[in-house]
Amino acid sequence: MKKKIGLFAVAGLIALVSTPSMAQFAKAEDAAKYRGAAMALIGSHFGRMAPVAKKEAPYDKQKIQENIAVLNVLADLPWTAYGPGKEGGESRPEVWSDSEGFKQAQDKFKTGMTKLTAASDTGDFDAFRVAFGEVGKSCKSCHDSYRKKK
Ligand code: ASC
């Protein structure tokens, strides 16, 4: 019995540190830094596929798939860091005042990522290019509405 409780405790601890939805931030500033860092990584992994989509670099099915696998992990990270009272950083107040619209923008991105993943698995360059463009549009429209202008 004792061993079983120990195992549950370990499993619980792993879930606590590894589940993004469990992420906790002591200060609003910490949350803003976290989502900024996650967005920067998403931008890097998304942006490195741009030359391929623009036909400036060769299409390599496996490389694209590997990159999209990383992106699929990163794509879940920023959203838990926009909780109540976590205003600031590059976020516009609309993230909180229009939380429904912000949620829809997240969903558009996630749907786009699902389609991009499926397209990249086919190995069809044009399918990849079109799906890549759609995700890019979702990034841009969300930034236009919810990110502070630089
Ligand atoms: C990126 C990045 C964005 C989007 C956007 C797409 O690589 O950092 O914000 O793509 O430019 O339109």
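Reply:
**The ligand site and its setting**

From the N terminus on, the protein chain runs α-α-α-α-α-α-α, with seven helices and zero strands. Helices here are DSSP runs of H or I with at least four residues, strands are runs of E with at least two, and both are numbered from the N terminus. The model is predicted, so local features need pLDDT of at least 70 and side-chain atom pairs count only at pLDDT 80 or more, while totals for chains, interfaces and linings use all residues. Residues are numbered from 1 along each chain as its sequence is written, and side-chain values use heavy atoms, with hydrogens and water left out.

The ligand is surrounded by G43, F46, G47, G136, C139, K140 and H143, where a residue is counted if one of its heavy atoms lies within 4 Å of the ligand. Helices α2 (28–47) and α7 (125–146) each supply at least two residues of this shell, and α7 gives the most, with four. By class, the shell holds two nonpolar, four polar and one charged residues. In this scheme Ala, Val, Leu, Ile, Met, Phe, Trp, Tyr, Cys and Pro count as nonpolar, Asp, Glu, Lys and Arg as charged, and the others, Gly among them, as polar.

An oxygen atom of the ligand lies 3.4 Å from a polar backbone atom of G43. For G136, a backbone N or O atom is 3.2 Å from a ligand oxygen. H143 takes part through its side chain, in which an N or O atom is 3.2 Å from an oxygen atom of the ligand. The protein covers 58% of the 310 Å² of accessible area that the ligand has on its own. Accessible areas come from the Shrake-Rupley method with a 1.4 Å probe, and for residues only the protein chains shown count as cover.

In the largest nonpolar core, which has 28 residues, M49, F109, M113, L116, F128 and F132 touch the most other members. Such a core is a set of buried Ala, Val, Leu, Ile, Met, Phe, Trp, Tyr and Cys residues joined through side-chain atoms within 4.5 Å. At least two core residues come from each of α2, α3 (50–53), α4 (61–74), α5 (94–97), α6 (99–122) and α7, and the largest share, seven residues, comes from α7. In soluble globular proteins, nonpolar side chains tend to be buried together.

Not counting residues up to four places away in sequence, M113 touches I68, L71, N72, A75 and V135. The C-alpha atoms of I68 and T117 are 6.6 Å apart in space, although 49 residues separate them in sequence. I68 is buried, with a relative accessible area of 1%; buried means under 20%, exposed over 50%, and partly exposed in between (1.4 Å probe, protein chains only).

S120 lies in helix α6 and is buried, at 0% relative accessible area. A polar atom of the S120 side chain is 2.9 Å from the backbone oxygen of T117. Leaving out residues up to four places away, S120 touches Y59, K61, I64, Q65 and I68.

P78 sits in the loop between α4 and α5 and is also buried, with a relative accessible area of 0%. Beyond its neighbours within four places, P78 is in contact with R35, A38, M39 and I42.

K55, in the loop between α3 and α4, is exposed at 61% and has a positive phi of about 60° although it is not a glycine. K115 belongs to helix α6 and is exposed at 58%.

For the protein chain as a whole, 30% of its 150 residues count as buried. Among contacts between residues at least 6 apart in sequence, 75% join residues at least 24 apart.

Conventions
Contact = heavy atoms within 4.5 Å. Polar contact = N/O pair within 3.5 Å; in protein donor to acceptor, adjacent residues only side chain to side chain.
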